[in-house]
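Please open the structure in your viewer and keep the selection panel at hand. The tour below goes from one stop to the next, saying at each what to select and what is there.

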Amino acid sequence: MEQKITHHLTDEILMAYAAGTLPEAFNLMVATHVSLCDECRAVVESYDALGGEVLDQTPGNDVALTPGSFAATMALIAGGAPDEIRAQRPKDAVLPQPLLDYVGGGLDTVKWRSVGMGVKQAILPTSSDASARLLYIPAGTAMPDHGHNGTEMTMVLQGAFQDEDDYFARGDVEVADSDLHHTPVADIHEDCICLAVTDAPLRFEGLLPKIAQRFARI
Amino acid sequence: MQDSDGKRMLWVDHMLRIRDDQDQTAFAELFDHFAPRVKGFLMKSGADASLAEECAQEVMATCWHKAHMFDPARASVATWIFTIARNRKIDVLRKQRRPEPEDLGWGPEDEPDQADVMALQQESEQLGRAIAELPPAQRELIQKAYFGDLSHSEIADQTGLPLGTIKSRIRLALERLRHAMK
């Protein structure tokens with residue numbers, strides 16, 4: 001039973017996903033969130049519909065097709081359907097399908113790299129205009145302070161984290177821009193796994209010293 | 001306007017004929033309407049004429065091959081073709097993969113309820129009308145958002161979209177559409 005998702009993606013991001021204008025890493029975030037969130041799925045589909053109307057109202061009479069265009073299309077059809085390449089992978093309790101595609105397998109196949117203090121990350125292969133990574137944060141540990149230069153979105157896949165104001169559980173997304181200053185901390189009950197994407201340049205150095213151990217009293 | 005309402009159901013009917021009977025006449029009519037629009041959409045998105053032509057042919061061939069995936073209770077034919085064209089654009093023009101959400105457990109294997117189909121197609125008609133009735137400058141901004149063709153000064157925020165220009169009538173039409181899909 002999934003808990004109710006209370007922190008959603010913004011309409012701007014969902015519309016841009018439908019328009020196809022986001023960097024690949026952001027598309028991965030949207031596809032992953034929508035896999036768990038029927039509400040945002042419906043919003044995306046309504047923006048798909050807006051795109052459909054835009055297409056339908058694009059004047060067709062001022063664009064000439066090449067002579068023989070229809071025959072060429074029928075020849076393509078006769079050539080058969082291209083193979084579908086989406087691999088069928090066994091379901092994973094933590095990673096939704098889009099992440100299975102990018103990891104190339106389930107959670108047990110993620111190639112984690114330690115960044116210190118028990119925190120691990122795995123960079124996912126996306127285009128370079130933005131980056132996506134999985135973060136593994138031990139229960140009760142503060143998340144790496146990752147100065148928000150651009151837009152950064154963090155979605156919980158396992159466990160939970162909280163900051164000064166809010167609590168984020170599986171499926172919840174925190175959307176942060178450069179104004180946000182806070183210290184999210186992984187919930188004490190379970191190690192936290194997140195998908196984090198950002199369009200700011202990734203800074204690998206400097207991450208380590210900023211990680212502060214929390215809940216030192218326990 | 002009733003005309004174009006009838007048109008939507010006509011396109012749905014065409015898709016079913018393509019799916020069930022490999023009906024080339026239905027496909028030719030669908031092609032005549034949508035292929036130039038797809039080509040125009042891709043050219044406005046930055047493809048040159050010959051690349052746009054090639055992609056438009058591939059998009060239309062995909063319509064044929066994937067006709068069994070079309071669900072008229074969830075999308076108009078224009079919407080469905082738009083999503084195919086958009087994915088082709090990302091693949092060919094931007095050379096990126098497009099991550100797609102997990103499929104829902106229920107698919108078009110079950111023939112959708114005719115009332116649901118009618119409701120969805122009517123809501124998309126309302127949306128189309130709301131867009132057509134926008135002042136030209138606002139309509140153009142929405143079009144450009146989908147073409148990925150906005151100038152820096154037109155971009156409202158970091159997402160690159162002028163969402164503030166989407167007027168209440170369109171928001172309402174989008175809301176109703178969301179409910180029709182649930």
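A salt bridge, as the term is used here, is a side-chain nitrogen of Lys or Arg within 4 Å of a carboxyl oxygen of Asp or Glu. The model is predicted, so that local features need pLDDT of at least 70 and side-chain atom pairs count only at pLDDT 80 or more, while totals for chains, interfaces and linings use all residues. Residues are numbered from 1 along each chain as its sequence is written, chains are lettered from A and ligands numbered from 1 in the order in which they are written, and side-chain values use heavy atoms, with hydrogens and water left out.

Select B:Arg86 and A:Asp48 to begin with, whose side chains meet in a salt bridge with a distance of 2.9 Å from N to O.

Next, colour the two chains separately and show the contact (heavy atoms within 4.5 Å), which takes 68 residues from chain B and 65 residues from chain A. The two chains bury about 5900 Å² between them, 60% of it on carbon and sulfur atoms; buried area is the accessible area (1.4 Å probe) that two parts lose on being put together, summed over both.

Now look for empty space, bearing in mind that rolling a probe the size of a water molecule over the atoms shows where it is left. A cavity is a set of points, on a 1 Å grid over the protein atoms alone, where a 1.4 Å probe fits but cannot get out, and its lining residues have an atom within 4 Å of a point. The count comes to one cavity of 30 Å³ or more, and the largest cavity has a volume of about 30 Å³, a volume being the space filled by probe spheres set on the points.

Select the lining of the largest cavity: A:Glu45, A:Ala49, B:Arg74, B:Ala75, B:Ser76, B:Thr79, B:Leu120, B:Leu177 and B:Met181. Helix H3 (38–56) of chain A and helix H7 (168–181) of chain B each supply at least two residues of this lining.

Key
1 Å grid on protein atoms, 1.4 Å probe; cavity = no way out; pocket = protein on both sides within 12 Å on 5 of 7 lines; lining within 4 Å. Helix = DSSP H or I, 4+ residues; strand = E, 2+ residues; numbered from the N terminus.
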